[in-house]
Amino acid sequence: QIKDITYIAEKELGKKLSPGEVSDFWSQKTLHEILERPFETFKLFLKKIYFNFLNREISNNRNLPDFFSRNILLNINPLSFGLIFSLAVIAVLSGWKSHWGIRLIAVTVLIYVFAVAIFFFNSRFRLPALPLYFLLAAAGIECLTYCWKTSRRSVLIPLIVTASAAVFSFAPVIALPKGAETQHLTLQGLNLYSRGAYEPALSVFRQAVQIDPDFPENNLNLGACFMRLGQIDSALYYFEKEKGLHPQRTLSYANVASVYLLKNQPEQA
């Protein structure tokens, strides 16, 4: 978050910084890393371009499949990005020479993809380009229909190209970034916790820990529930576990100190 990156910059430079100075600090760090590790930077850039074309909704703070499954329309929607992308590919390959409009749309999409990949990839960054993908996909359907009507044999190559593009999009060969798999459980648990439903919240947080026992604040949330339920030793166990897993995060230390104060051990607190 903003407060975190500001804190790190101010700590390293040893003075208070304005928002613009914080931005300059991280820009300089970025340029330094690019110049120091150009090959790794280029490899990462190509990986982010690759992620742009995958049939995978990638988020930095949500479990998107879980959210989609709760919406009836999104859950039954037969379309997916991989299908749209596959149809768009056949449109570009078949119409690149003959149709200036297809060339214009394809180049626009590529420029946008390259611009986004300079930074980092999230599926939501892909949304502005989707209308252009839809136009190309419609052209791809028209191409397949025309080939089918003209000659059944002539549709074979476009179908192979479409299938190859689908395999490229649906079957990633590069490991995908690990998503926030427990985020939906964390939000659900915090909602219950805020309403004083500590036992149900504890059950939800236990599910989160089973999925990812090392994810930041999963153990912290468990400890907070035990604190509210009066089980101090259990709370201390999970606070200490969080502190051991993430020693750079200060919240677990504050919670451990609180437990020691409750146990009337101020020196240890």
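The side chains of glutamate 240 and lysine 243 meet in a salt bridge, with 3.2 Å from N to O; the term denotes a side-chain nitrogen of Lys or Arg within 4 Å of a carboxyl oxygen of Asp or Glu. The model is predicted: local features need pLDDT of at least 70, side-chain atom pairs count only at pLDDT 80 or more, and totals for chains, interfaces and linings use all residues. Residues are numbered from 1 along each chain as its sequence is written, and side-chain values use heavy atoms, with hydrogens and water left out.

**Salt bridges**

- The structure holds 7 salt bridges, among them the pair of glutamate 240 and lysine 243.
- Glutamate 240 and lysine 243 are separated by about one helical turn, because they stand 3 residues apart in helix α13 (residues 232-245); helices (H or I, at least four residues) are DSSP runs numbered from the N terminus.
- Glutamate 240 is partly exposed at a relative accessible area of 28%, and lysine 243 is partly exposed at 21%; buried means under 20% relative accessible area, exposed over 50%, and partly exposed in between, with a 1.4 Å probe and protein chains only.
- Glutamate 57 forms a salt bridge with arginine 126, the closest N and O atoms lying 3.5 Å apart.
- This pair links distant parts of the chain, 69 residues apart: glutamate 57 is in the loop between α3 (38-52) and α4, and arginine 126 is in the loop between α7 (100-117) and α8.
- Glutamate 57 counts as partly exposed at 30% relative accessibility, whereas arginine 126 counts as buried at 4%.
- Glutamate 33 forms a salt bridge with arginine 37, where the closest N and O atoms are 3.3 Å apart.
- Glutamate 33 has a relative accessible area of 41% and is therefore partly exposed; arginine 37, at 37%, is also partly exposed.

**Largest pocket**

- The largest pocket has a volume of about 730 Å³; on a 1 Å grid over the protein atoms alone, a pocket is an open set of points with protein on both sides within 12 Å along at least five of seven lines, and lining residues have an atom within 4 Å of a point.
- Volume here is the space filled by probe spheres set on the points, which are joined across faces, edges and corners.
- The lining of the largest pocket comprises 23 residues, of which Glu57, Phe68, Leu74, Asn77 and Phe81 lie nearest its centre.
- Two or more lining residues are given by each of α4 (64-69), α5 (72-76), α6 (81-95) and α8 (130-150), and the largest share, 4 residues, comes from α4.
- By class, this lining has 11 nonpolar, 8 polar and 4 charged residues; Ala, Val, Leu, Ile, Met, Phe, Trp, Tyr, Cys and Pro count as nonpolar, Asp, Glu, Lys and Arg as charged, and the others, Gly among them, as polar.

- At least two lining residues come from each of α1 (2-13), α10 and α12, with α1 supplying the largest share, 4 residues.
- This lining divides into 6 nonpolar, 6 polar and 4 charged residues.
- Proline 216 is found in the loop between α11 and α12 and counts as partly exposed at 26% relative accessibility.
- The structure holds 1 cavity of 30 Å³ or more; a cavity is a set of grid points where a 1.4 Å probe fits but cannot get out.
- The largest cavity, of about 30 Å³, is lined by Glu217, Leu220, Glu242, Arg249, Leu251 and Ser252.
- The cavity lining divides into 2 nonpolar, 1 polar and 3 charged residues.

**Backbone with positive phi**

- Glutamate 217 has a positive phi of about 80° although it is not a glycine.
- Glutamate 217 lies in the loop between α11 (198-211) and α12 (218-228) and is partly exposed at 30% relative accessibility.
- Asparagine 264, likewise not a glycine, has a positive phi of about 60°.
- Asparagine 264 lies in the segment after α14 (251-262) and counts as exposed at 65% relative accessibility.
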